[in-house]
Amino acid sequence: MNPAVHMDGITKRFPGVVANDDVDLAVERGSVHALLGENGAGKTTLMNVLYGLYEPTEGTVRLDGEPQSFDSPRDAIDAGVGMIHQHFMLVDPMTVWENVVLGNEPTTWGGLRVDREAAREAVVELSERYGFDVDPDAKIADISVGEQQRVEILKALYRGADVLIMDEPTAVLTPQEVEELYGVFDELTEQGKTIIFISHKLGEALSAADEITVLRDGVNVGTVASGDVTREELAEMMVGREVLMDPATSPQDAGDTVLEVTDLCVDDDRGVEVVSDLSFRLRGGEILGVAGVDGNGQSQLVEAITGLRDAASGDVRYRGESMVGKTRRHRIDRGMAFIPEDRQERGLVMSYDLVENGILGSQHDPPFARGGRLDWGASRGHAESVIEQYDVRPPDADAEAESLSGGNQQKFIVGREFERDPELVVATHPTRGVDIGSTEFLHDRLLELRSEGKAVLLVSSKLDEVQGLSDRLAVMHGGSFTGVVDPSTVTEEEIGLLMAGESLDDDSVEGAALHDDAGDGIDGSTAGGEEVDA
Amino acid sequence: MSDPDADRTPSVLARLVAPFVDRSVAERLVISVAAILLSIAVGFALVLVSGRIAQCSTAAWTMPFTGLGFCYNPVEVYVVLFNGALGYPFAVGEPGLFNAGWTPFNLSLGLTLSETTLLIFTGLSVAVAFRAGLFNIGTQGQLVVGALATALTVLALAPLLPAGPIAGVVLIGVGTAAGAVGGGIWGAIPGALKAYADANEVITTIMLNFVAANVAYVLVLEVFRAEGSSVVATRYVPEYAQFRPWLFPPSSDFALLALLVGVAFIGALYYFVEHTSVGYDLRTSGVQAAAAEYGGVNAKLTTVRAMTLSGALGGIGGSVWVLMSEGRWMASIPDLGFDGITVSILAGNNPIGVLPAAFLFGILKGGALEIGFRTDVPTELVAVLRGLIILFVAMPEFFRMIGRYTGVAGGAGGAVSTGPEETAGGDGGETDA
């Protein structure tokens, strides 16, 4: 029997770049296949070829043994290939069933009227067949990210997809939602669907996939059955050398309090309170990790600390000075570095080259500016040194930020902020989209800053990252810390529970206050809140 | 990170705008030249059609092969438009490429350059606001206020100083500064309204245009009107306090010195935008406000600053209009401020680009006058031809701006993100092999 998907000798060249070099990929019907690799390894390119977004320079794509030639995703969809992008393409104010049928609505009256009843019926039938627990009449805006993902899957199924491509499907999910997604995989494969998912997370590929194909530098390094391979072996295949899985943290004596947040309340853009009475203290030489599912107030907390958003009430003291009413400029001047969540929106000016981006935030300070005049020579030197130290590719200071891949954009931002010689680093998802080799380097730099006595507030959705690096780990849910735990003793399940808003029994929470004498602030935040009663 | 579908299936707007975004300078030039040729082709047809409809005793032009006669000669119209605007440097219908008797210091070129000079200032005014992401539609009002401030200041100070060149230099300097202050204040008002009351600057600047025009009119009508004047105008400022035509015929109202001042302003503004910290703040706010905020740029202050600077440049345009063109403030002020918007768009909001853009406008203005002198083509039709050229030339740049502001292309909005992360990169592809 022919494999459901058979890509044979796929080569895809872009000007100056070979993104895929003679890649073979065979995926059996009814199996889950993980496409694993670092950023820039060519995973997405390969899938875009399969989805008809790119035409391969060489090579053929066969579905069930039939050679295919896709001019556009439309052709791919017609041939039964569906793709679920990392960022969902759903219309928020519309309902689930409306989103599913959008673009392929059943019509009556010769195409003039959408047959709403039939459409809804079809969606209900589909979601029941696959055991999806989604309310067809709920609005997209009102459902969870995990449910939205299922709507995307339904969309693909509704269009007749037999092969589902998912681009980093777990990136936006909680650990529990990830488990549910794996359940969905089982359901789909039982019914004969084939799933290919892109990932750069080893654990995920091992637990969800039947087979794993590792890409490196656009080349297929090997395809292995997930039962026959270890984490370390996979990691080695990805980066081509052995990597240390856990960054080495050594105990560190905490210094003076650098950042103190007291009873902080922050509203979001709609005026809804999303950070509630939050208090904590961060010392020099300490990394405080903040874990949590995106959208639980982390963004607003960070914005209030860094001066991008006014606090509704409460106080943020930085190096002994209250920051209430102080500008962002003032905070930068006082040595606060900030790696923002959204690199393309905030962290970089997309149309500027790296020389110009290298001084973003320092555009009024020596050595880049003297007497109001910018010194482009010094700026260029700075950009080039960041590019070199942080391995930004391509190593071209004149490249516009938008021409860089996401991981390289991130490396440049992190480099710029770390080289600011800061007292406090507020790092939001510092290694998001960055490949393993560079992640390791960024982690080392973060630990170096810590050993230099700098304070680090690390907000990340990568559990292993916050867990591996932090001295203390705060878990945020619904605008407050549901727990501050010792990352070396806490389990992933416990963190998952905290992320879901449930509290742990007191043991593990108390154990966490270790670096925080007198437990100031922390207890208030754990106790404060409805979670205690829950 | 990326969603390739957005690249593949952009909205209608994106598809419309996309070809004009991210063009190199050379491509833009080619596009501009093609646009001019296309507009001439369309204008050619228009001249023919109206030439067929119009009544005349002898045909100005007979179409080859068909023998159809037309009242207006489209070839002549365009030859006169461009050649005439420069004072006929090119020999047409005579041997040789150039007219032997041509000198650059002729009346036609003077008129063209006079218009160019004024439009440099209003073009810069609009451009600097655009660069900060602000639509200053109020340059006209700022120019009116600046012009009045200049006229009144010079008239008030002139009697205090002994007439002569030194007084002239002082009066021109102080008068221009007064224009900058007047226009600057008039620009700062909508800037502050935008920054602190969230009032849309497009609306407020348009409204302030009317306020400026009418308040100035009433002031001059009731208080500052020159005795015995039949029009609503102030007294003339002394001749020694005006930019005097030099080399060019006096009737051209063109002073080379004023043009040089304009060019100096172009250079200064370019330097300001590209090489100063405040300029960096300003253009960063313009291209990506969220990143500017992240970089510690005070958005409110930058808005007020940019609008003040924009207004001041418009005000200086008013000063030059008074001190070079009219010699006094009068109620019928030409639409220099509004033309400045088109000049700025044409220039891609780049200070350097304002020079050729303003010159093209000057040519169209000077050429239109020539067509009036030399041919029977009605001025209304000439205005249509000018409009066509501007429309065609400005459109690609205009599309580009729409693209930027709606985030379809490059930068800010990021509706189209950087392209598939792994593919655009390839960079990562080279990771230690």
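Predicted model: local features only at pLDDT ≥ 70, side-chain atom pairs only at ≥ 80, totals over all residues.
**Salt bridges, a covered strand and surface patches**

In chain A, a salt bridge forms between the side chains of A:E260 and A:R281, with an N to O distance of 3.2 Å. Over all chains, the structure holds 35 salt bridges. Side chains of opposite charge can pair when their charged atoms come close.

A further salt bridge connects the side chains of B:R283 and A:E356, at 2.7 Å from N to O. B:R283 is part of helix α10 (residues 277-287) of chain B, while A:E356 is part of helix α12 (residues 354-358) of chain A, so this pair joins two chains. B:R283 counts as buried because its relative accessibility is 4%. A:E356 also counts as buried, at 13% relative accessibility. Buried here means under 20% relative accessible area.

A salt bridge is also present between A:R450 and A:D471, whose closest N and O atoms are 2.7 Å apart. A:R450 lies in helix α15 (residues 436-451) of chain A, and A:D471 lies in the loop between α16 (463-469) and β23 (472-477) of chain A. The two residues are 21 residues apart, and the pair links distant parts of the chain. Both A:R450 and A:D471 are buried. Elsewhere, A:E356 and B:R283 belong to one network together with B:R131 and B:E274, joined by salt bridges that share partners.

Strand β18 (residues 336-339) of chain A is covered on both faces. On one side lie A:M336 and A:F338, on the other A:A337 and A:I339, and all of these residues are buried. The strand pairs in the parallel sense with strand β21 (residues 424-428) of chain A, over four bridges. In β21(A), A:L424 is the bridge partner of A:M336.

On the surface, a patch of negative charge is formed by A:D8, A:D21, A:D22 and A:D24. Strand β2 (residues 17-27) of chain A supplies the largest share of this negative patch, three residues. A:D24 is located in strand β2 of chain A. With a relative accessibility of 38%, A:D24 counts as partly exposed. A:V18 is found in strand β2 of chain A as well, and its relative accessibility of 39% means that A:V18 counts as partly exposed. A distance of 8.9 Å separates the C-alpha atoms of A:V18 and A:G42, which are 24 residues apart along the chain.

Chain B carries a nonpolar surface patch of about 460 Å², made by B:L160, B:L161, B:I166, B:V170 and B:V174. Among these residues, B:I166 is found in helix α7 (residues 165-197) of chain B. B:I166 counts as exposed because its relative accessibility is 70%, and the cut-off for an exposed residue is over 50%.

Note on methods. Residues numbered from 1 in each chain as written. Chains lettered and ligands numbered in written order. Heavy atoms only, no water. Patch = residues over 30% accessible without salt bridge, like charges linked within 9 Å, V, L, I, M, F, W, Y side chains within 5 Å. Areas by Shrake-Rupley, 256 points an atom, 1.4 Å probe, with all protein chains shown as cover. Salt bridge = Lys/Arg side-chain N within 4 Å of Asp/Glu carboxyl O. Buried < 20%, exposed > 50% of the residue type's maximum accessible area, 1.4 Å probe, protein only. Lys, Arg positive; Asp, Glu negative; His and termini not counted. Charge placed at Lys NZ, Arg CZ, Asp CG, Glu CD. Pairing = 2+ DSSP bridges.
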